[in-house]
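Here are a few exercises to work through with the structure open beside you. Try each task before reading its solution.

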Amino acid sequence: MQRIACPERDDWQATAEQCGFDFHTVDGERYWDERAYYAFTLQEIEVDIEDATAEIEAMCLDLVECALDDEAMLRRLKIPEPFWPLLGESWERDDRSLYGRLDLSFGGQGPAKLLEYNADTPTSIFEAAVFQWTWLEQAIERGILPPRADQYNSIHERLIERWTEIGCGRQLHLAGITGDDEDAVTLAYLADTAAQAGLATTVIDIEDIGWREDGGGFVDLDDQDMALVFKLYPWEWMFHDVFGARLAEARTRWIEPPWKAILSNKGILPLLWEMFEGHPNLLPAFFEDDPKAATLGPSFVRKPLFSREGANVSLVSGGIAVAAEGGPYGVEGFIRQALASLPDFGGVYPVIGSWLVAHQPCGLSIREDATPITGNTSRFLPHAIL
Amino acid sequence: MKRSRRVVLTMMGTAAVGAVSMGFSRTRPCGPGLEAVPGPDDTLYCRAIHGGFGGAMHRVHGHGHGGHGHGGHGHGG
C-alpha cells in the first residue's frame with residue numbers, strides 16, 4: 001500500500017457537478033481530493049481486505065443471532081426493550097440488508113483491524129461507487145495512471161443486483177433528511193440503482209411520512225401505502241421519535257432492517273471480542289464499566305455506543321488524551337477499544353472503508369485525515385490496484 | 001474489479017440532485033437533522049432542527065382528519 005502524489009484532472013469539479021456530486025468542496029476545503037491516490041497490490045485487496053471483510057461480516061451475523069437470544073446482550077447495547085420483538089421478527093423473516101461499510105485500520109502490513117461497522121446508515125457510497133470509478137477511467141485515459149491500473153469496486157452493479165432480489169417491480173420509498181446534501185445525494189443515487197433494477201421509486205423526507213389511522217400503516221404525501229422503505233435515518237433515532245411507537249403495528253419492510261440496530265452500535269466491538277477473542281481482524285474491546293477494560297492499560301480509544309462522524313471519540317495514550325473530538329454523544333455509555341495506530345503516510349492517516357452489498361465485500365473507499373480520528377472534515381481519496 | 005464494467009446513472013445529475021440541494025455543511029457532530037448547542041453546564045447536546053420520524057404529526061389520516069398542510073403540531077423532534 002502506497003500513497004502516490006499525482007496531478008489532478010483540470011476539469012474534475014465540473015465533472016463532479018455534472019453527475020450530482022456537488023459537495024466535493026465544503027467551506028472552501030476539499031472533501032474530494034485527487035492530488036494523491038492510494039495504490040494497492042491485488043494480494044492486499046483480495047486477502048487483506050476482501051477476505052477479512054467477509055470474515056468480519058460472518059462474525060457480525062453470528063453476533064446478531066446470539067444477541068437476539070440473549071436479553072443481557074440487548075441490554076448492554078441499550079436497545080429499548082419494547083423494540084426487541086421488532087428486531088427479532090425482522091431477523092426471523094430474514095429481512096434483507098442492502099449494504100454496509102466496515103471501517104478498517106490497514107497500512108499494508110499485518111492484518112486489517114476492525115475499527116467500527118457503519119451497518120445502518122453509511123454515506124459516501126456515491127463517491128465510492130461512481131465518482132471514484134470515473135476518476136480511474138479518466139486518469140488512465142489521461143496518462144495519470146498506467147493502463148494496467150484497476151480498482152476494487154463493483155459496488156454499483158452489486159446494488160442493482162440486490163435491488164432486483166429485494167423487489168423488482170415493487171414500489172420503493174427512500175426516506176431521509178432531504179435537506180441535507182450528503183443524504184440527498186445518497187438517496188438519489190440509491191434511487192437510481194433501484195430504478196435500474198426495475199423498482200418504482202419515490203424519495204420522501206422522513207418528516208413527511210404520515211400514518212393512516214383507519215387500518216394503520218405508514219403513507220407518503222399522496223397517501224400511498226409505504227410497504228417497502230429504504231431509510232437513511234438511524235434506527236436509534238426512529239425508536240425515540242414520535243412514530244417509533246407505531247413501528248410494531250406497521251407492515252412496512254425496512255431497509256436496512258430493524259436487526260441492523262444491533263450492528264450499528266459500537267457495543268458490538270466488545271461483544272465481538274468476547275465471542276471471538278484473539279481473532280486477527282479484531283481489536284480487544286470492552287464496555288467501559290467492565291473491569292476487564294483495565295487490561296487495555298493506559299492507551300485506548302474511547303467511543304460512545306452511539307456516535308457519528310467521530311463525535312465524542314477520544315484517543316488516550318499513556319493515560320493522556322492525545323486527540324479528542326467534541327460532541328453530544330455518550331449518554332448511553334462508552335466502550336474502550338485497544339489503540340490501533342492508523343498508518344502514518346507522512347502526516348496523514350487513512351482509514352479504509354470496506355463496502356458490503358448483500359453481505360458480500362465489493363469495494364473500497366479511503367478517508368484521510370490529519371489527525372488519527374477520522375471525523376467529518378476528513379478527505380476522500382481515490383485508490384487503484386497496480 | 002473488472003475494467004470492462006460500466007457505471008451508468010439514469011436519473012442522477014445536476015437537475016435531479018440540485019432540486020433537493022439546500023446548502024451543505026459537513027460540520028454536524030449530531031448527524032443530519034440535529035445541531036449541537038451548548039447546554040446549561042457547557043456540555044454539548046443535540047437539538048432537533050428537523051421534525052424527525054413522525055415529526056409532522058398532522059399527517060395522521062382517517063376519521064376526518066386527513067389531508068395535508070394542517071400544521072400546528074410536530075417539529076419537536
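**Exercise 1.** In this predicted model, find which residues of helix 4 of chain A are buried, and work out how they are arranged around the helix axis.

*Solution.* Start with residues 84-92, the span of helix 4. Count a residue as buried if 20 or more other C-beta atoms lie within 10 Å of its own C-beta. That picks out A:L86, A:L87 and A:S90. Now look down the axis of helix 4: these buried residues fall within an arc of 100°, so they line one face of the helix. Next, ask what they pack against: it's helix 9 (260-263) of chain A. Then turn to the face pointing away from the buried side, where you'll find the exposed residues A:P85 and A:E92. Finally, step just past the end of helix 4, where A:D94 takes a positive phi of about 65°.

**Exercise 2.** Work out which strands stand at the edges of the five-stranded open sheet in chain A.

*Solution.* First write down the strand order, 6-5-18-19-20, with antiparallel pairing. Strand 6 (113-118) and strand 20 (379-381) each have a single partner strand, so one side of each is left without a neighbour in the sheet. Those two are your edges. As for twist, it averages 35° from one strand to the next.

**Exercise 3.** How many bridges join strand 18 to strand 19 of chain A, and which helix lies across both strands?

*Solution.* Take strand 18 (residues 349-357) and strand 19 (residues 360-369): nine bridges join this antiparallel pair. For one example, A:L356 has A:P361 in strand 19 as its bridge partner. Now for the helix: helix 2 (residues 42-67) of chain A lies across strands 5, 6, 18 and 19, running at about 65° to strand 18.

Terms used. Residues are numbered from 1 along each chain as its sequence is written. Chains are lettered from A and ligands numbered from 1 in the order in which they are written. This is a predicted model: local features need pLDDT of at least 70, side-chain atom pairs count only at pLDDT 80 or more; totals for chains, interfaces and linings use all residues. A residue is buried if 20 or more other C-beta atoms lie within 10 Å of its own, exposed if 12 or fewer, and partly exposed in between; C-beta atoms are placed from the backbone. Helices (H or I, at least four residues) and strands (E, at least two) are DSSP runs, numbered from the N terminus. The arc is that of the directions from the helix axis to the C-beta atoms. Two residues are in contact if their C-beta atoms, placed from the backbone, lie within 7 Å. Two strands pair if DSSP finds at least two bridges between them. Axes are lines fitted to C-alpha atoms, for helices over the stretch in contact, and angles run from 0 to 180 degrees between N-to-C directions.
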